Each structure stands twice: as structure tokens, then as C-alpha cells.
Amino acid sequence: AAFILVYLLCIAIIGLPIMLAEFTVGRRAQKNAVGAFRAEAPGTAWFLTGSLGITTAFILLSFYGVVAGWTLHYIGLSVGESFNGLTTAELGNTFGSFISDPWLPIFWQTIFMALTVAVVLGGIKNGIERYSKILMPLLLILLVVLAARSLTLEGAAQGIEFLFKPDFSKLSMKAVLAALGHAFFSLSL
């Protein structure tokens, strides 16, 4: 809980202002990240900031693509009720055998990347904004359902207490820096 409070504080004090500055530069210039900095600060090296942003987004996408591929695979397994009756060890083995397969994770990552490309090719209005209007409420519904279900599991009360009762004595400077890193990662800054 102490970590979460520091994380939220980092988002509010540092993350949101930086994100709003990025939005402002992009909306004002009406260009991509490199072009926006070239337009706003001509003749300077600020365009490298835009290049760094694009490089960072590419690296993050490679990470997200893998995890999203796993998610698509697990959605299929869940819909097919493949987890019914499995023990914790068997669930771990399911994941281990999936990620050790040489082609299955690549297949699911490719599916996810194809879906991503299809959305991006639609542009801002007909792609990203259109699908965000569908997928973001769907994500909210999924989170609410998962939260409600988690409250019915054994040990839920202890989990709630752990999550909402901060113990600042366990908070170190390393944890504060990790919270700041998570804040930047969450906002894709």
C-alpha cells in the first residue's frame, strides 16, 4: 500500500505534467514526435528527444507485444475452460510449456501485432480513437469483474488489508525509485 501511494504521487506530481507537456507539443505542432520538436525548436537538437521517444515506444511495443500475445493465448484457454480443475503446479506447467514452445508464443505475438497494425493503419480518428471507445470500457468491465471475483477467493480479506493498509517502515529509497519508474512506464513517457 505504501508503494502504491508513492506510485500514485509520482504519477500526479511528475508523470501527469510530463504527459500533458507531450500532448501540448504534439497537438500544437500537429506532427510526429521528431517533426513536432523540429517545428517547436528549429535549429536545435531537441528533435533527438522525439527520436528517443519513438525508439522507446518501439522497445516498449516489443515487450507489450509478447505479453499481449500471451494474453490472447490465455483468453483462448480460458474461454475453452482449459484451466478447470488444474492445481497451481499444473497451471505453472501450462505457462512453462507455452513459453518453451518455439512457435506458439511467436504465433500469438504475430496475431497481436497484426491487430495493432490494423488499428494504427486506420489512423487516429478511424483507428486508435474508434477502437479505444470500445476497448477501454471493455477493459474497465474486465477489471471490475476480476476485482469482484477476487473478493470471493480465500484470503481476500488479508489481501485487501495488505493492499490498503500502508506500512511506510518497509518503504526504501529503492522502492521509491521503482515507483517512479513504474509511473513513467505506466504512462509510456
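## Basis of the model

The structure is a predicted model, in which local features need pLDDT of at least 70, side-chain atom pairs count only at pLDDT 80 or more, and totals for chains, interfaces and linings use all residues. Residues are numbered from 1 along each chain as its sequence is written, and side-chain values use heavy atoms, with hydrogens and water left out.

## Aromatic contacts

Nine aromatic pairs are counted. Rings of Phe, Tyr and Trp (its six-membered ring) pair if their centres lie within 6.5 Å; planes under 30 degrees apart count as stacked, over 60 as edge-to-face and the rest as tilted. Tyr-74 and Phe-98 form an edge-to-face pair, with 6.4 Å from centre to centre and 85° between the planes. Tyr-74 belongs to helix H3 (residues 47-79) and Phe-98 to helix H4 (residues 88-100), so the pair ties together parts that are 24 residues apart in sequence. Helices (H or I, at least four residues) are DSSP runs, numbered from the N terminus. Phe-98 is buried, at a relative accessible area of 3%, whereas Tyr-74 is partly exposed at 22%. Here buried means under 20% relative accessible area, exposed over 50%, and partly exposed in between (1.4 Å probe, protein chains only).

The rings of Phe-107 and Trp-108 also form an edge-to-face pair, their centres being 5.2 Å apart and their planes at 80°. Both residues are partly exposed: Phe-107 has a relative accessibility of 43%, and Trp-108 has 21%. In a contact of another kind, Arg-38 lies over the face of Phe-47, at 4.4 Å from the ring centre. A charge sits over a ring if NZ of Lys or CZ of Arg is within 6 Å of the ring centre and within 35 degrees of the ring normal.

## Salt bridges

Two salt bridges are counted, each requiring a side-chain nitrogen of Lys or Arg within 4 Å of a carboxyl oxygen of Asp or Glu. In the pair of Arg-28 and Glu-40, the closest N and O atoms are 2.9 Å apart. This pair links distant parts of the chain, with Arg-28 in helix H1 and Glu-40 in helix H2, twelve residues apart. Arg-28 is exposed, with a relative accessible area of 65%, while Glu-40 is partly exposed at 33%.

Glu-161 and Lys-165 form a salt bridge whose closest N and O atoms are 3.8 Å apart. Glu-161 is partly exposed at 48% relative accessibility, and Lys-165 is exposed at 55%.

## The largest pocket

The largest pocket has a volume of about 2,700 Å³. On a 1 Å grid over the protein atoms alone, a pocket is an open set of points where a 1.4 Å probe fits, with protein on both sides within 12 Å along at least five of seven lines; lining residues have an atom within 4 Å of a point. Grid points are joined across faces, edges and corners, and the volume is the space filled by probe spheres set on the points.

The lining comprises 49 residues, of which Thr-116, Val-120, Ile-128, Ser-132 and Ser-188 lie nearest the pocket centre. H3 gives the most to this lining, with 16 residues. By class, the lining has 34 nonpolar, eleven polar and four charged residues. Ala, Val, Leu, Ile, Met, Phe, Trp, Tyr, Cys and Pro count as nonpolar, Asp, Glu, Lys and Arg as charged, and the others, Gly among them, as polar.

Technical notes
Helix = DSSP H or I, 4+ residues; strand = E, 2+ residues; numbered from the N terminus.
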